[in-house]
Number of protein chains: 2
Amino acid sequence: VVLSTRRLDHLGPVDPFSGQVTVGAGATLEAVQRHAAASGFEVAVDLAARGSATIGGMVATNAGGTRVLRHGPMRAQVVGIEAVLGTGRIVSHLGGLLKDNTGYDLASLLCGSEGTLGVVTAVRLRLVGAAPFRTTALLGVADAAIAVDCLVAVRRGAPTLEAAELFFDDGLDLVVEHLGVTPPFASSRPRTYLLLEAAGAADPTDELLAALAAVGDRIDETAVATDAGRRAELWRYREAHTEAINAAGVPHKLDVTLPLGGLASFCDEVRDVVTGVAPTARAFLFGHAGDGNVHVNVIGPDVSDDVDRAVLELVARRGGSISAEHGIGTAKKAFLHLGRSDDELDTFRRIKAALDPAGILNPNALLPSS
Amino acid sequence: VVLSTRRLDHLGPVDPFSGQVTVGAGATLEAVQRHAAASGFEVAVDLAARGSATIGGMVATNAGGTRVLRHGPMRAQVVGIEAVLGTGRIVSHLGGLLKDNTGYDLASLLCGSEGTLGVVTAVRLRLVGAAPFRTTALLGVADAAIAVDCLVAVRRGAPTLEAAELFFDDGLDLVVEHLGVTPPFASSRPRTYLLLEAAGAADPTDELLAALAAVGDRIDETAVATDAGRRAELWRYREAHTEAINAAGVPHKLDVTLPLGGLASFCDEVRDVVTGVAPTARAFLFGHAGDGNVHVNVIGPDVSDDVDRAVLELVARRGGSISAEHGIGTAKKAFLHLGRSDDELDTFRRIKAALDPAGILNPNALLPSS
């Protein structure tokens with residue numbers, strides 16, 4: 001049986017006291033964004049697939065996206081949930097009270113469970129106040145280590161920082177060619193790019209640029225935009241990576257998180273690891289640097305599961321997570337042991353058996369056979 | 001067997017990249033606060049019992065306290081956990097990666113589980129940047145409805161708001177007598193008090209007072225303090241409520257959350273409900289208004305469990321939570337059904353049976369017999 005919650009797309013009233021809204025699992029992020037904006041609020045999570053991503057799917061996968069460094073992932077937005085569990089029991093706790101210690105936190109448990117415990121039918125979301133001012137800056141620097149230093153400086157000095165995205169010249173070349181646009185900087189071609197966005201009740205431009213002053217002499221190029229059109233152009237260089245890479249080949253996609261202190265060296269190491277396994281492969285790296293989250297997309301005729309394994313083993317050795325925001329699903333099940341001990345996997349299986357004893361919900365996802 | 005984790009009091013290094021620290025479950029909040037401050041950080045949760053409250057206990061109870069409206073409860077601070085489950089399995093996931101979708105969120109599940117699923121041994125905490133400037137304002141107003149209007153205005157206009165505490169003249173009288181201090185306002189005696197505190201990288205006084213301008217003509221008295229000594233005096237009126245009430249009798253303590261839109265009317269209603277059941281009882285109300293969290297302390301010779309029942313039934317009728325931050329324990333087990341359905345209780349029991357199949361962990365707490 002294939003279940004769909006797409007028709008559960010109701011949008012409840014936005015509560016101005018709590019800044020919360022209850023929506024059906026089938027509502028798209030874009031629909032909820034429009035609904036919240038009409039009351040002066042925003043959904044704290046944003047991602048490029050906003051037109052098709054449903055709130056239920058975003059909860060089931062604990063979606064991340066570009067603003068996690070400011071507001072946390074989907075789990076941090078879910079203040080109430082309604083779901084049908086594998087037991088047939090319906091749990092509904094949609095009051096959205098921030099202080100409510102009356103038993104186990106089922107909302108957080110269901111968030112990120114990939115549909116293996118229950119089918120989410122409605123969600124109570126916390127919203128954040130709409131930020132009327134928004135500044136985007138694209139920096140061009142020599143390498144990932146400098147990009148991370150810039151990021152650390154901005155995180156300290158600019159509390160309004162909302163996104164910090166990393167990409168490289170090889171991915172940018174694909175984007176420029178795919179879109180038929182001009183590169184961001186006319187007179188030079190930096191190797192490494194950091195896209196920063198700050199948002200607030202007042203213009204955050206000065207704060208953002210002042211925070212960069214400490215590392216200013218290591219920044220080769222800077223483009224700053226405050227109007228929506230020019231900001232969108234800067235974002236396009238980053239957001240078009242997925243479609244440009246897909247157009248260049250069928251990528252193996254790995255989605256990993258590194259501790260921020262090890263992010264820069266990972267970016268260098270992972271290319272060597274990939275070409276060590278598949279000499280003609282090309283590894284494109286981009287992602288949400290603010291969270292240490294890197295998407296590693298590998299294309300080439302000799303790319304196999306061995307590449308996936310080598311990259312994920314490197315991630316595990318560096319203390320990272322083998323799945324940042326894409327989850328485990330069926331494709332990464334065989335690698336879950338790299339990030340989770342036998343004791344943890346046993347615990348996961350016990351929870352699965354408790355809430356879905358017949359194993360009817362997404363039976364092949366997440367949990368490897370014991 | 002009585003387990004203690006008090007000797008697990010190690011304090012790991014503060015990671016400046018992530019702003020996180022790993023500490024043993026037996027470390028007191030105060031010890032972690034001092035440790036974090038040495039690196040320019042703060043623990044986001046604060047509460048009056050900081051000298052004796054351990055981090056493990058605060059996780060097990062999902063502690064709240066005075067700053068939840070700004071930073072969330074303990075669950076929002078826990079980015080990694082180590083625990084021994086009732087199965088004997090040891091789960092340890094202390095990397096603190098903000099994007100990590102590799103299975104069920106055991107940290108959130110253990111947080112607030114009241115020791116019924118596992119014994120927490122270590123915790124990875126997110127910290128927040130230390131706020132060098134702090135302003136406290138005590139407002140005197142006519143009633144709780146005006147206090148809530150002030151709160152809503154400040155929440156909208158002052159993002160630096162960190163605490164909003166409510167109390168009333170009858171509780172203040174006990175405090176003034178118990179401590180032997182002078183009342184906060186020399187020339188008048190307002191019925192209702194709202195204590196606000198804002199904190200930030202710059203002096204938040206102007207922002208706080210400007211945010212109150214919209215409701216200014218309904219505020220009868222205002223005391224503002226920025227120096228630590230005077231701020232502590234204002235806080236003392238609020239924080240001494242528990243000891244002053246304990247000195248006046250043996251209170252029945254109820255700890256509830258109301259939706260903010262219904263908080264003011266609840267404060268009026270609950271007094272009538274209490275005296276309806278116990279005519280000579282005195283109900284003292286105080287708490288964390290910013291979260292809708294009210295502590296109802298009832299003293300008097302004719303106070304019985306019937307008072308508890310009547311108050312908690314009122315809370316349930318008004319869409320509130322029967323336990324805000326104190327949890328269920330053994331004392332509130334009989335009332336858990338007021339806030340949780342049979343399906344939810346069944347789900348809780350299944351989770352308990354999965355992770356503590358022999359029922360050896362805190363066996364009489366939280367879950368009522370089925």
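How many residue pairs are in polar contact across the interface of chain A and chain B?

## Polar contacts and salt bridges

In this predicted model, 40 residue pairs (both at pLDDT 80 or more) are in polar contact across the interface of chain A and chain B. A polar contact is a pair of N or O atoms within 3.5 Å; within protein, one must be able to donate a hydrogen and the other to accept it, and residues adjacent in sequence count only if both atoms are side-chain atoms.

The rule also finds 10 salt bridges across this interface, a salt bridge being a side-chain nitrogen of Lys or Arg within 4 Å of a carboxyl oxygen of Asp or Glu. Asp346(A) and Arg89(B) meet through their side chains in a salt bridge, at 3.2 Å from N to O.

## Extent of the interface

Contact (heavy atoms within 4.5 Å) involves 72 residues of chain A and 72 residues of chain B. About 5600 Å² is buried between the two chains, and carbon and sulfur atoms give 57% of this; buried area is the accessible area (1.4 Å probe) that two parts lose on being put together, summed over both. Lys99(A), Asn101(A) and Tyr104(A) supply 20% of the area that chain A buries against chain B, more than any other three residues.

## Basis of the values

Local features need pLDDT of at least 70, and side-chain atom pairs count only at pLDDT 80 or more, while totals for chains, interfaces and linings use all residues. Residues are numbered from 1 along each chain as its sequence is written, chains are lettered from A in the order in which they are written, and side-chain values use heavy atoms, with hydrogens and water left out.
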